[in-house]
Amino acid sequence: MIAIAWVNLVRLFRDRTNIFFVLIFPIVLIMVFGLSFGSGFAPRLGVTGGTTPLAAELVAALETSGRMQVVRVGDAEEARDGVERGRLAAALIIPENYDRALSRYTPVTLSFISRQEPDALQLGAAIRAVTDQVTMPARAAAYVRDGSFDELVRRAGQVSVPGITVRFSATGTAAIPRSITSFDIAATSQLLLFTFLTSLTGAATLIETRRLGLSRRMYAAPVSSRTILLGEAAGRVCVALTQALIIMVGSGLLFGVRWGDPLGAGALVLAFSLVGGGAAMLVGAALRTEQQAVGVGLLLGLGLAAIGGTMAPIDFFSETMRRVAHLTPHAWALDGFAELLRRNGTIADILPQLGVLAAFAAALFGLGAWRLRAALTR
Amino acid sequence: MGTAGLGPLPCVPPPDQTARVPRAEILKCQNLRKTFGDLVAVDDVSFTIEAGETYGLLGPNGAGKTTTISMIAGILERDGGQVLISGRPHGTTSRWGKKQIGYVPQDLALYPDLSARENLRFFARLHGLGRAEARARIDEVLRMIGLTERAKDPVKEYSGGMKRRLNIGVGLLHRPPLLILDEPTAGVDPQSRNAILESVAALAGEGVAVLYTTHYMEEAERLCDRIGIIDLGRIRAEGTRRELVGLVGELDRISLTTGGAQAVPKELETLPEVRKAGSHEGRLEVMVEDARKSLPRVLAAATDAGVVVRAVEVHEPNLESVFLHLTGKALRD
């Protein structure tokens, strides 16, 4: 059995294209997705001016607001160009006379430049809120106008006045905690997508084994049909596990991706690899040609991945689509990883997901073994 | 059991000239039957093979040869009859029986992306050879099939003949007392074909019982001690080449070219082995039962009678005519 499983694994890497698709391509995709969303979705705000003390105070407040990434730009022209070309989400032009205007109690205008996008409006609102807060003492000083501006601003900043306070409290955990990086999310999705896809396309080797008469030759050796079936099944699982481990280890080493509780993550990967192996066994036993296997493999591998939520977050799905998604093993595996990563779950917390995946695997392996046995002894 | 080399070997002695000595019976098939739906693929097939004997199953495509040997190899359930390997019942679940058989399928059942050595190692493991034993045996088989130099190359880079040789090598790995070869020369060049036939003959010479299926009459005649002619799933006749030819009742013909008109000399006509003699267009045509045995005496008689013999040709009735006689159709139909 081990010999049959081993030869499957060796053959996976004998095909040089597999080295790219199994080893390099998933890691590259994780890197691309991770970097694309790697800034934590904070929009880039270009700022000009802000060299005087009050202006610097405003810029510092914007930087510490956490709602944007402040980028210094040379002048208004460069800022506008950056916005137009998409390098910046928006730009804020702080005039040179900002401090002087405030201290003289004269109106000052900050120019906000953005594209016609909803995100820009949100960013504008955030800037307005920060500006209101930062300039409150200056406005209080303008109201009083009894003494020097600096003194009035200092005193206004120290005043604690009665008013309406909104008290925030949080309950539960964030759907996607801030500790979860975009690399974590991308790696989980790509692991499921590629593990299943590689398994299914790898089913072509099983068809080739049958077509070349190798299965029958194995059966002519002193090994039982059960051993051959177990060997082929183990081969499929080994291929799936190898793909999964490459992504897990590679993304962990290169991008610091975390997978949560090791025992839970290991069990989840094993269960999902069993599903992938079972599906490959069925495809390899039921179809006739390698071309059919590759076609069906791509169709199922990508289709189920899309439906199952590995291409777009399942949190964005409608209720109906979520139900549909949970007809795929991918959605259950994603739920499992979400439990491990977002809620620091353990293997005990993902037992339902493991159970469903095990049921998927058992059904697929049962059907695949039945079909392959028939092909062997026919 | 020893090993056989693929180097040039002496021509296989004509089977009929070898005195048959009873040897251990390795394979016995009794009343084998297999149907696929309404189609009776194999019907009441029985034969035996002894150690060192080469038995040929000769028949056209679709005659039931592969189905028969699939049942013998234990990869196809039979519907009736039984297979005995060295007296022990054998079937699809018989591990002992499968250890006694080296099965060489018609397909090139090899992993194309693995090397010859890796293919051999894989099947050695399936046959339960230990690591050290497998390594030694693989080296031995590679030498035997002439692939030592190319052992590390992927099989997909091999020529057709090299693949065929490796296909046979896999079947020899575990030193089986019974070798089943299913059309092993299909699609190979004449040189490789000759090498394969010589190596099979050498294996039989070393005591291996060989079951050889082919639809090439020449191969069966050259290689096989006994031949079973199979058609439509049934063995139509069985025996040595001579016995089969005897069924048809045809005689061997010795043709002596004399270079001119020549009456049949009395010395020749009265030889006991001569059944009939005549002259035709500068040739003496002599009909005998066994041309190989009779040729020296026929030549001597002609020379004694003063006939100048310029050329000699021997025409033996072949299996093609036997097959035609038995089935009413040509062998390659």
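Reader: Is Thr209(A) buried or exposed?
Author: The model is predicted, and local features need pLDDT of at least 70, side-chain atom pairs count only at pLDDT 80 or more, and totals for chains, interfaces and linings use all residues. Residues are numbered from 1 along each chain as its sequence is written, while chains are lettered from A and ligands numbered from 1 in the order of writing. A residue is buried if 20 or more other C-beta atoms, placed from the backbone, lie within 10 Å of its own, exposed if 12 or fewer, and partly exposed in between. Because 25 other C-beta atoms lie within 10 Å of Thr209(A), this residue counts as buried.

Reader: Which residues does Thr209(A) touch, not counting residues up to four places away in sequence?
Author: Thr209(A) is placed in helix H9 (residues 203-211) of chain A, helices (H or I, at least four residues) and strands (E, at least two) being DSSP runs numbered from the N terminus. Two residues are in contact if their C-beta atoms, placed from the backbone, lie within 7 Å. With residues up to four places away in sequence left out, the residues that Thr209(A) touches are Leu214(A) and Ser215(A).

Reader: How many Å apart in space are Thr209(A) and Val356(A)?
Author: In sequence, 147 residues separate Thr209(A) from Val356(A). In space, taken from C-alpha to C-alpha, the separation of Thr209(A) and Val356(A) is 31 Å.

Reader: At which residue does H2(A) bend?
Author: Helix H2 of chain A covers residues 16-36 and reaches 29 Å from its first C-alpha to its last, close to the 30 Å expected; the expected span is 1.5 Å times one less than the number of residues. A bend is the angle between axes fitted to the seven residues ending at a residue and the seven starting there. In H2(A) the bend is about 40°, with the proline Pro26(A) following within four residues, and it is located at Ile24(A).

Reader: Which residues of H2(A) are buried?
Author: An α-helix has 3.6 residues a turn, so residues three or four places apart point the same way. What covers the buried residues of H2(A) includes helix H1 (2-14), helix H8 (182-201) and helix H11 (225-255) of chain A. The residues of H2(A) that are buried are Val22(A), Pro26(A), Ile30(A) and Gly34(A).

Reader: How many residues of H15(A) are buried?
Author: Helix H15 (residues 329-342) of chain A should span 20 Å at 1.5 Å a residue, which agrees with its end C-alpha atoms being 20 Å apart. The buried residues of H15(A) include Trp332(A), Phe337(A) and Glu339(A). H15(A) is mostly covered, and of its 14 residues the number buried is 12.

Reader: Where in chain B is Leu232(B) placed?
Author: Leu232(B) is not a glycine, yet its phi is positive, about 50°. Its 15 C-beta neighbours inside 10 Å are why Leu232(B) counts as partly exposed. The place of Leu232(B) is the loop between strand E9 (226-231) and strand E10 (234-239) of chain B.

Reader: Which element gives the largest share of the side of chain A that touches chain B?
Author: Contacts join 18 residues of chain A with 24 residues of chain B. On the side of chain A that touches chain B, the elements giving two or more residues are H1 and helix H10 (214-220) of chain A. The residues on that side are 10 nonpolar, three polar and five charged, where Ala, Val, Leu, Ile, Met, Phe, Trp, Tyr, Cys and Pro count as nonpolar, Asp, Glu, Lys and Arg as charged, and the others, Gly among them, as polar. The largest share, six residues, comes from H10(A).

Reader: How many Å apart are the C-alpha centres of domain 1 and domain 2 of chain A?
Author: Domain bounds come from an automatic or database domain assignment. For chain A, this assignment gives domain 1 (2-37 + 181-377) and domain 2 (44-158). The C-alpha centres of these two domains of chain A are separated by 52 Å.

Reader: What percentage of the 333 residues in chain B is buried?
Author: Chain B has 11 helices and 14 strands, and its C-alpha atoms fill a box of roughly 70 × 50 × 35 Å along the principal axes. Of the 333 residues in chain B, the buried share is 45%.
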